[in-house]
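Take a look at the structure below, then try each task before you read on.

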Amino acid sequence: MILIIGAGVAGLSCALAAGAAGAEVELVTPGALRPTADSLAGGNTALAQGGVAAAIGAGDRTADHLVDTMAAGAGLGDAQAAERLTVAGARIVRQLVRSGFPIDRGADGAPAFGLEGAHGRARIVHAGGDRTGAALHTFLLERVLEAAETGRIALTEGALAESLVREAGAVTGVVLRRSDGARVTRRAAATVLATGGYAGLFPGSSNHAGARGAGILLAAHAGAVLADLEFVQFHPTVLHASPRSGAAQATGMLISEAVRGAGAVLRDGSGARFMVGRHPLAELAPRDVVSREIHRVLRASGESTVWLDATGIECEAGRGALAREFPGISETVARFGLDWSREPIPVAPAAHYTMGGVASDLDGRTSVPGLFVAGEVAATGVHGANRLASNSLLEGLVFGEAAAHAAVSFAADSGSWLPRGDGFAALERDATIVAAPDHGGRALGAQTEQRGAGDARDAAGADAAVRTAIAEGLGIERDADGLRAAATVFASHHSDAAALAGFVCLAAASREESRGAHLRADFPELNPAAAKRRGHRLNLAPTATLSSATIPARSMSSC
């Protein structure tokens, strides 16, 4: 049995590939697989406005896509993983198109490639304009449902993964908690976590509410190495209504980078463009650069937003161009009383994507036999310190398939656990051992039990305190004092959010430089000697709280 937890692009891709290989497959999701009126299936995959980056156009090369991916990673990208992403990615996207995935095309019938930040050329494939994620999720889900009808894939909806079963140092299954509260144990020859990232922990986030890193904590409690947790990408342009707009406050509504690729520009409160001269690519600079510059403009002005001006697109392409090219965004801004065809709209950075997660090799293997990861829950190293635009859906496609093949192979020969990749080997070898947080007697990653009203209020207050500390200490710009204050809050609360935020704080404190998505006000320069990924592994004897006491001596002053 191959057990797959999560039904975004990585989980669906993994299930399809494992089923096609003839394995017995069970796909588990905490919600419903199909969207309903009050819930969104597919998590962040279905929310993705951007497209899929792939070198499939005439004259484009996977080598060029690799160069762009590594450049965006700010010196920490794993070249082996990035090469696999770009080469296998081009193959998989071509296969998707051949099998009927409805990509957007030009008047001549050729694929309509979009340009996004830090790409050297237009290579972004879209479907439904700015609804690529939803289109991809629907396309993959239809094939999973077809496989379920023929018995190749078993589906379990409404079940949370509460803990991993570990025997003799290997993961052998998962304890699930069903919606009725009953617990069941699923045994598996291989378990794949495709549970997403942790940007949803941040108060200002573009993510699905469930993106809180639960799978990362499950893996950590099973002994897996975690890596790159300090690198949290803030998307530069998330809708944030202000009094000037006359609309209610709206955070979390992403305005795709493709809009800037189509010609939109950023302006400060005075109406002046501020990215020109800050970076050769101006508004199409890497996301960390654009978010950092917006942050500095806002800090200097005391304002809460800058302005995204897309009116030039409408002027150049004609009335209705924005609605045609970006139908989903156009509907969103209209709901908040904005007309972006006539005036700039207010935007600000928000937590969007997490490069860190469970360290994995080129095939999704973790440091614990029997446990695989794929998608945003994984730290493959492919994104380095800052993900290149539209490489996220591609990562789910590529490493979902890779994890499936490796899991099927492991299930056939459970005595063989041979991770591949120099970067992963170094992380596993050099990982820092840290004490497990005191989690109030619960296992890390365990879902919260049903509480009474008073307990629920207490929990809500604690969660609010943790979220405030995350925003203040782990935002776009960090420093030692802020990290130390945040660590104190995380150490005083016994929750999954506090535990994972403590790990992020630990990683951020130990990286005393500014690199990619990690900006330190007290260490503003890039340090060439620090161009190394760092891993952490729990000492599973729960003897201390994750706080400044557990930070390596060389970093004691930082958190």
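This is a predicted model: local features need pLDDT of at least 70, side-chain atom pairs count only at pLDDT 80 or more; totals for chains, interfaces and linings use all residues.

**Exercise 1.** Which parts of the chain does the salt bridge between Asp228 and Arg533 link?

*Solution.* 
Step 1: In this salt bridge the closest N and O atoms are 2.8 Å apart.
Step 2: Asp228 lies in the loop between β10 and β11, while Arg533 lies in the loop between β21 and β22. The two residues are 305 residues apart, so the pair links distant parts of the chain.
Step 3: Buried means under 20% relative accessible area. Asp228, at 3%, is therefore buried, and so is Arg533, at 12%.

**Exercise 2.** Is Arg299 buried or exposed?

*Solution.* 
Step 1: The side chain of Arg299 meets that of Glu477 in a salt bridge, at 2.4 Å from N to O.
Step 2: Arg299 belongs to helix α8 and Glu477 to strand β20, 178 residues apart.
Step 3: The cut-off for exposed is over 50%, so Arg299, at 51% relative accessibility, counts as exposed. Glu477, at 22%, counts as partly exposed.

**Exercise 3.** Which residues of strand β1 are buried on each side?

*Solution.* 
Step 1: In a regular strand the side chains alternate between the two faces of the sheet.
Step 2: On one side of β1 are Ile2 and Ile4, on the other Leu3 and Ile5, and all are buried.
Step 3: Now look for neighbours. β1 runs parallel to β9, joined by four bridges, with Ile5 opposite Leu193. β1 also pairs with β2 in the parallel sense over four bridges, and Ile2 stands opposite Val25.

**Exercise 4.** Why is one side of β6 and of β8 left without a neighbour in the sheet?

*Solution.* 
Step 1: Three strands form an open, antiparallel sheet in the order β6-β7-β8.
Step 2: β6 and β8 stand at the edges, each with a single partner strand, so one side of each has no neighbour in the sheet.
Step 3: From one strand to the next, the twist averages 30°.

Terms used
Residues are numbered from 1 along each chain as its sequence is written. Side-chain values use heavy atoms; hydrogens and water are left out. Buried means under 20% relative accessible area, exposed over 50%, partly exposed in between (1.4 Å probe, protein chains only). Two strands pair if DSSP finds at least two bridges between them. Axes are lines fitted to C-alpha atoms, for helices over the stretch in contact, and angles run from 0 to 180 degrees between N-to-C directions. A salt bridge is a side-chain nitrogen of Lys or Arg within 4 Å of a carboxyl oxygen of Asp or Glu.
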